[in-house]
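Open the model in your viewer and colour it by confidence. The stops below say what to select next.

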Amino acid sequence: MSDHHLAQMNIGALRAPLDDPSMADFVTALDPVNALADAAPGFVWRLTDEGANDATATRPFGPDVIVNMSVWEDVESLRAFTYRSADHLDLLRRRRDWFVPLGRPGLVLWWVPAGRLPTPEEGGERLELLRANGPGPDAFTFRDPYPAPGAHTGRERVTEPG
Amino acid sequence: MTEDTAGTADGPGGTAAGEAFGERAIGAAGALADPVRRRLYRYVCERGEAGRSDAAEALGITRTLAAFHLDRLAGAGLLEVERRRLSGRQGPGAGRPAKVYRRSGQEVSLHLPPRDYEAAARLLAEAVERAGAEEALYAVAREEGRRRAAEAEGAGSAGAPVRLEEVARALAACGYEPVAPAAGQEGGEGGEGGEVRLRNCPFRSLAADFPPLTCGMNLELLRGTVERWGGFQARTAPEPGGCCVAISKNNED
């Protein structure tokens, strides 16, 4: 087991307030999809608001910008949940129904020492790093993943299994 | 100084220019020039995997000949080989493990003169994501799906598919490699048996880098097709290695 875990943050600019009828499909999907994440292999932690089951009230990046943040054992477990569960893939596929394009990266991945939980502020810094320099060991994406510190030397391309 | 003239600095094969001219792909395609080998390749792909004896029997050739051709296909990178003990026999007396062949994960594509549509697809996908133009892509895909449906109806003598098996047959022409539900299970209550699963993703490498975009496009493509035929629906159902869409009969039917 690695001594690092994968942190993930993505932000989305809402098209309408969450209680607007146009957002109903998204809001309805939150609980089931969060439950799916909680039960997914490799899931470690996700950000929630105090007394709530999601983090939709946390808005450090602007009044209309919601945050999704979680920790996983590795890139592959997060990738499997993100892209290979039908319910979550359907949400991603329809994201333009609910979210305005940012025109720049909205998702960032980075490594944290196992046991230490990331904060949205830290996520914001990583996102800025990604936007400024492109993918690197300190801030990367699914398309250009980097290995955990000490795991391997150099860049590691994670490919789809055959 | 740039190398823009093929074959100047480097020789005919195993070089940058050689790769641009598809040396590896030509080798793979060359292995398929033999008709028996082509039938074997198709047999293995359709079956998912096959041993030497099954393949020989299915094609009506000797096991030795099947083994020779299967190994040539593996040597060309078209098939991959796994050694496995068949029929659960283990321990001493179980014999040597048999070779099981399946299609390799390598993609072979050959464009002469050299073309790079995949790089273009990646750039376009990135631009669509950045601009948030997914809706436009989905709409275009749906239209293309309807066009394909009309084309398939025109090509077949039977008109629009009515049964799931006919849907499967029609989608085979688009490269999806459908697996039709087993006989007798059709019209079941939405179980595995009542669905057409698609074993091949025609957009595989693009889907690996742009999953929601590519799977969304593919879903709309298939929706356009099966909805035009009527009585069918397509849903997201990601499966490792296969296509992320499953097709079933409409519930209200």
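**Stop 1: the whole complex.** This is a predicted model. The predictor assigns the complex an ipTM of 0.85 and a pTM of 0.83.

**Stop 2: chain A by confidence.** Select chain A. Its mean pLDDT is 92, with 93% of its residues at 70 or more. Now pick out strand 2 of chain A, residues 43-46. Confidence in chain A is highest there, at 98. Then move to helix 3 of chain A, residues 86-93. Here confidence is lowest, at a mean of 94.

**Stop 3: the annotated span.** Select residues 6-144 of chain A. An unreviewed UniProt entry annotates this span as "domain: DUF3291". Over residues 6-144, chain A is 37% helix and 22% strand.

**Stop 4: chain B by confidence.** Switch to chain B. The mean pLDDT of chain B is 84, and 84% of its residues reach 70 or more. Select residues 1-13 of chain B: pLDDT is below 50 there. Beyond near neighbours in sequence, that stretch has 13 contacts in the model. Next, select residues 186-192 of chain B, where pLDDT also stays under 50. The model has nine contacts for residues 186-192 beyond four places in sequence. A caution for such stretches: where pLDDT is low, predicted coordinates should not be read in detail.

**Stop 5: where the chains meet.** Show both chains.

**Stop 6: a helix pair in chain B.** Select helix 7 (residues 134-155) and helix 10 (residues 211-229) of chain B. Their axes come within 7 Å and cross at roughly 35°. Is the crossing left-handed or right-handed? Helix 7 of chain B passes helix 10 of chain B in a right-handed crossing. Show side chains at the contact. From helix 7, the contact residues include Leu137(B), Tyr138(B), Ala141(B) and Arg148(B). From helix 10, they include Leu213(B), Met217(B), Glu220(B) and Trp229(B). The contact of helix 7 with helix 10 of chain B has ten nonpolar, four polar and nine charged residues.

Conventions: Residues are numbered from 1 along each chain as its sequence is written. Chains are lettered from A and ligands numbered from 1 in the order in which they are written. This is a predicted model: local features need pLDDT of at least 70, side-chain atom pairs count only at pLDDT 80 or more; totals for chains, interfaces and linings use all residues. Axes are lines fitted to C-alpha atoms, for helices over the stretch in contact, and angles run from 0 to 180 degrees between N-to-C directions. Helices (H or I, at least four residues) and strands (E, at least two) are DSSP runs, numbered from the N terminus. A crossing is left-handed if the near helix is turned anticlockwise from the far one by less than a right angle, and right-handed if clockwise. Two residues are in contact if their C-beta atoms, placed from the backbone, lie within 7 Å. Ala, Val, Leu, Ile, Met, Phe, Trp, Tyr, Cys and Pro count as nonpolar, Asp, Glu, Lys and Arg as charged, and the others, Gly among them, as polar. pLDDT is the predictor's confidence in each residue, from 0 to 100. UniProt positions are given in the numbering used here, feature names are shortened, and annotations may be inferred rather than shown by experiment.
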